[in-house]
Amino acid sequence: MKFFVDTADIDAIRELHELGMVDGVTTNPSLIMKSGRDIKEVTKEICELVPGPVSAETVALDAEGMIAEGRELAKIGDNIAIKVPLTWAGLQACKVLTSEGRMVNVTLCFSANQALLAAKAGATFISPFVGRLDDINIDGMDLIAEIRQVYDNYDFSTEILTASIRSANHMKEAALIGADVATAPPNVIKAMANHVLTDKGLDAFMADWAKTGQSII
C-alpha cells in the first residue's frame with residue numbers, strides 16, 4: 001500500500017520523505033489555509049520535493065471552472081493530480097482532464113455508487129472519506145471493502161485512495177482490505193510505529209544494560 005501524506009507542511013513532508021515513507025502528497029483548501037502560504041508556491045515546493053503524485057484541489061463548483069483551474073494547477077508540476085469533488089460537475093471535469101492525459105483525484109466519496117461513477121469517468125484516484133463516515137456511526141472501512149470488490153469485479157484501473165484517516169488502526173484496516181493508497185496526517189503515520197509492548201521491552205533492555213556498566217562506544 002502506498003503512503004500519501006495529507007499535509008502542506010513542507011518540514012513534515014521532508015522528514016517522512018527522507019525515511020521513504022512518502023509516495024505522494026494530498027492537499028486541500030483547509031490544509032493550504034493552515035500552511036499560511038500561497039497555493040501555487042507551496043504546491044510547487046512539494047512537487048519538487050516528492051516525485052510521486054501531489055494532489056492540488058480545485059475550488060470552482062461548475063465543470064468549466066474546475067477544468068480551467070485544473071489546467072492551471074497542472075502547470076505547477078508534472079506530478080500534479082488535480083483534485084475535483086464527487087459531484088456531477090466534478091465527474092464532467094474528471095472526464096475532460098483525464099482525456100487530456102492528466103491525473104485526477106476525485107474526492108469526497110461516500111458511497112460505492114459514487115466510486116463506480118468516478119471509475120467510469122476515468123479517475124486516477126478515488127478518495128473515500130472513512131473518518132467522516134465513522135463520525136456519523138457508519139463504518140468507513142465497509143466502504144473501502146465495497147469499492148475494492150466493485151473495482152476488482154470489473155478490473156477498473158482507478159486506485160482506491162483511503163482518505164480522512166484518523167488513526168493507525170485505519171491504516172492497518174486499509175492495508176488489510178487492499179486499498180491501493182492511504183493518505184494520512186504525519187502524526188498518524190508516525191503513530192504506526194508505537195506499541196506499548198515495544199516500549200515496555202525497551203525499558204527492560206535499558207535497565208538490564210545499565211546494570212552491566214558497559215558502553216558500546
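Mentor: We begin with a term: a residue is called buried when its relative accessible area is under 20%, and exposed when that value is over 50%. Please keep in mind that this is a predicted model.

The part to examine is helix α4, which runs over residues 63-74. Within α4, the buried residues are A63, G65, M66, I67, G70, L73 and A74. To read such a list, recall that an α-helix has 3.6 residues a turn, so residues three or four places apart point the same way. Which elements cover the buried residues of α4? Among them are two helices, α3 (39-49) and α5 (88-99), together with two strands, β3 (54-57) and β4 (80-85).

The protein has 11 helices and eight strands, and its C-alpha atoms fill a box of roughly 70 × 40 × 30 Å along the principal axes. Of its 217 residues, 47% count as buried. The exposed surface comes to about 11400 Å², of which carbon and sulfur atoms supply 54%. As for charge, there are 19 positive and 30 negative side chains, and the centres of the two sets lie 1 Å apart.

Leaving aside residues up to four places away in sequence, M171 touches M1, F3, I165, A182, A184, V188, I189 and M192.

Helix α11 covers residues 196-212, and its 17 residues should span 24 Å at 1.5 Å a residue; the end C-alpha atoms are 25 Å apart, which agrees. After α11 comes G213, with a positive phi near 70°.

N137 has a phi of about 65° and is found in the loop between α7 (130-135) and α8 (140-154). S164 has a phi of about 55° and is found in the loop between β7 (159-162) and α9 (168-177). Are these residues buried or exposed? N137 counts as exposed because its relative accessibility is 75%, whereas S164, with a relative accessible area of 14%, is buried.

Finally, consider L31, which lies in helix α2 (residues 29-35). The relative accessible area of L31 is 16%, and therefore this residue is buried. Beyond residues up to four places away in sequence, L31 touches D6, T7, A8 and T26. The C-alpha atoms of L31 and T158 are separated by 24 Å, and these two residues are 127 residues apart along the chain.

Conventions. Residues are numbered from 1 along each chain as its sequence is written. This is a predicted model: local features need pLDDT of at least 70, side-chain atom pairs count only at pLDDT 80 or more; totals for chains, interfaces and linings use all residues. Side-chain values use heavy atoms; hydrogens and water are left out. Helices (H or I, at least four residues) and strands (E, at least two) are DSSP runs, numbered from the N terminus. Buried means under 20% relative accessible area, exposed over 50%, partly exposed in between (1.4 Å probe, protein chains only). Accessible areas come from the Shrake-Rupley method with a 1.4 Å probe; for residues, only the protein chains shown count as cover. Lys and Arg count as positive and Asp and Glu as negative; His and the chain ends are not counted. The place of a charge is taken as NZ of Lys, CZ of Arg, CG of Asp or CD of Glu. Contact means heavy atoms within 4.5 Å. The expected span of a helix is 1.5 Å times one less than its number of residues.
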